[in-house]
Amino acid sequence: MQDATINCAACGGSFLFTASEQGYYAERGFQFPKRCRPCRQTRRRSRHSGPSGISGALPTVRPYQPRETHEANCVDCGDDMRLPFRLQSPPRCPKCFLQEHAD
Ligand SMILES: [Zn+2]
Ligand SMILES: [Zn+2]
């Protein structure tokens with residue numbers, strides 16, 4: 001691998017994406033960045049202030065998802081649930097579970 005120059009999708013400027021960075025990204029299965037570092041930081045900051053009309057590519061880092069999930073329905077309210085394990089007893093969603101133990 002060798003250093004690559006990428007054109008930032010946000011500001012249009014080119015930035016260096018070094019070979020070691022490429023290795024780091026590839027190792028973790030990340031997609032290569034489309035934006036330069038300052039633009040990525042700006043984006044990250046603005047994401048915390050809520051949706052402010054930022055469009056374009058979705059973030060490439062996805063929230064953690066269990067590899068295997070089992071679909072289940074709450075026995076009380078019928079809500080769909082996805083569980084990272086298979087339950088032995090009929091499942092209850094957290095809402096109904098709390099209700100049952102409320103008093
Ligand atoms: Zn930029
Ligand atoms: Zn329920």
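These are my notebook entries on the structure shown above.

**Getting started.** I am reading a predicted model, where local features need pLDDT of at least 70, side-chain atom pairs count only at pLDDT 80 or more, and totals for chains, interfaces and linings use all residues. Residues are numbered from 1 along each chain as its sequence is written, while chains are lettered from A and ligands numbered from 1 in the order in which they are written.

**Elements.** I looked up helices (DSSP runs of H or I, at least four residues) and strands (E, at least two), both numbered from the N terminus. I found 3 helices and 4 strands in the protein chain. Their order from the N terminus is β-β-α-α-β-β-α.

**Burial.** I took a residue as buried if 20 or more other C-beta atoms lie within 10 Å of its own, exposed if 12 or fewer, and partly exposed in between, with C-beta atoms placed from the backbone. On that count, 2% of the 103 residues are buried. Helix α1, residues 19-28, has 0 buried residues among its 10.

I call two strands paired if DSSP finds at least two bridges between them. Strands β1 (residues 4-7) and β2 (residues 14-17) are antiparallel and share 4 bridges. Within this pair, Ile 6 sits opposite Phe 15 of β2. The two strands make a hairpin with 6 residues between them, and Gly 12 in the turn has a positive phi of about 85 degrees.

Asn 73 has Asp 80 as its bridge partner in β4, and Glu 71 has Arg 82. This hairpin has 6 residues between its strands, and Gly 78 in the turn shows a positive phi of about 80 degrees.

**Pro 91.** Where does Pro 91 lie? I found Pro 91 in the loop between β4 and α3 (94-100). Pro 91 is partly exposed, because 18 other C-beta atoms lie within 10 Å.

**Contacts.** I counted two residues as in contact if their C-beta atoms, placed from the backbone, lie within 7 Å. Leaving aside neighbours within four places in sequence, Pro 91 touches Ala 72, Cys 74, Val 75, Met 81 and Leu 83 by that rule. Pro 91 and Val 75 are 16 residues apart in sequence, with their C-alpha atoms 6.1 Å apart.
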